[in-house]
Every structure is written in C-alpha cells, then in structure tokens.
Amino acid sequence: MMTLLNGPNTPFGRLAWVTALQLGIEVENRVIDVYSAGFLDALNPLRQIPTLVLDGNHALFDSRVICTYFHSLRPEAEIIPMSDWAVQTRWSLAVGLMEASVARTMEMRRQASERNTPAVAKHDQRIPRVIAALEAQAEEICDGRARIDRLATAVVLEYIDFRGVIDWRDTAPRLARWLENETTRPSLMASRPYDVLPGAAGDRSTLRSQMLGSTSS
Ligand SMILES: N[C@@H](CCC(=O)N[C@@H](CS)C(=O)NCC(=O)O)C(=O)O
C-alpha cells in the first residue's frame, strides 16, 4: 500500500490526504515529525511533508504532484479538471495562502526580538488580499461537487482558523457561510488538524499510535 508521510496539521499534507479520501484511494496516512525525519532525505531531499511513498524507494512530492497523481488513478471523478486553468489557478491561490499562513505562524512563534517584522507585514497584506480574491470568486468555489480548488480553499480557511491567523469572516461572508456546511464533508471531518502536545493526557490515541514524533506548522 502507498504511504502518505504527513503531519498533524500541515495544510499541504491535509489537502493531499483529503484528495485521497475523496477519491477512495487506499493509502496509509502516516503522521511523522518532519523536523527530525532524517530518513525522509532519501525519499525527498527537501525533507518536507507531504511525501507519498509508492514503494520502498520511490516517492512523489509536493502536494500538487501528489494530488495530481491521485487524480490520475481516478480520472473519472474529475477532482482536477486538467485543462481548466481557472480552477488550477484558484488551487494555486489557495496553496499560496497556505504558504503565507504557515510562514506567518512560524514567524509569530519567534520571540519578538527575533521576528522578521517586514516579512510579517508582507504576510499581513497578502493574506487578506488573497481571501478577498477567493471571496470574489465565491460563485465558483461555493457550489458543486468536490473539486481541488474548493477542497484547497476549505483546507486553508480551516488552517487559518486553527492557528488564529486572521479573522476573515466579516470580509468574506459567502465563503464563511459555505464553510459552515462544507466543514461537515466526511473527508474534512476525518482529517482535522490537531496539535501534538508531547505527553499530554487526552491525545487522540488512535492518531497517537501512528505518531513517530511531534510536528507543528
Ligand atoms: N510546496 C510544498 C510545501 C510543503 C511544506 O512546506 N511542508 C512543510 C509543513 S507545512 C514542511 O514540511 N516543513 C518542514 C521544513 O520545511 O523543514 C507542498 O505543496 O507540498
């Protein structure tokens, strides 16, 4: 069986996992600690998650390639309309929003004296600008069956909520209304981000049994 090397809260990894779940593709979702995953270098020299291990030595990355590979196994579901460039570009927009949101979260974890303030300021401009652009395309996003741009939008908005990156609902009411219902989609319910608090009581035991460490992004 294929193994998706993933983290407990990476939006890129969650999107890959959600895509597999939507398509009913059999894949083991294995949560690892990417920051201490030396073994990953031989599979993905970037040492990043998600990485999809096809067999012992072959791996695919990054999230875009993994999602496209899953699509190639079940093309009839049309989760990625390959020649619809508007959908593909909206997917990129949502992935760019993931990048900015993850980067800002990491930056805010630093002590104030070590924080890259111009970088935070840039994220603080980019993030609402992208949300506004997605809201402007709500007609395309907030309707219809599972498609990669819709899944990516739901995943990134939930990541933003999970990390408290920004309050976005007042400026994007159509996305907000849609997400209320979208969030009950089984693939999204089965892949909620969570924090790993080493040794904390109440860790999700089933997920914990898959843990090889603790990751946070
Ligand atoms: N472009 C990649 C981004 C993946 C990525 O940035 N993953 C983060 C977790 S959110 C990671 O592995 N970070 C560890 C590191 O870069 O050291 C994708 O779309 O899969």
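Colleague: At what angle do helix H6 and helix H7 pack, and how far apart are their axes?
Modeller: H6 (residues 148–163) and H7 (residues 173–182) pack at about 95°, with axes 11 Å apart. Axes are lines fitted to C-alpha atoms, for helices over the stretch in contact, and angles run from 0 to 180 degrees between N-to-C directions. Helices are DSSP runs of H or I, at least four residues; strands are runs of E, at least two. This is a predicted model: local features need pLDDT of at least 70, side-chain atom pairs pLDDT 80 or more, while totals for chains, interfaces and linings use all residues. Residues are numbered from 1 along each chain, and side-chain values use heavy atoms, without hydrogens and water.

Colleague: Why is H6 called roughly perpendicular to H7?
Modeller: The class covers 65 to 115 degrees. The angle is about 95°, so H6 is roughly perpendicular to H7.

Colleague: What makes the contact between H6 and H7?
Modeller: Contact means heavy atoms within 4.5 Å. H6 brings Arg150, Thr153, Ala154, Leu157, Glu158 and Asp161; H7 brings Leu175, Trp178, Leu179 and Glu182.

Colleague: Which peptide bond links Phe61 and Asp62, cis or trans?
Modeller: Cis, with omega about 5°. The bond from Ile49 to Pro50 is also cis, omega near 5°. Most peptide bonds are trans.

How values were computed:
Angles under 35 degrees count as roughly parallel, over 145 as roughly antiparallel, 65 to 115 as roughly perpendicular and the rest as oblique.
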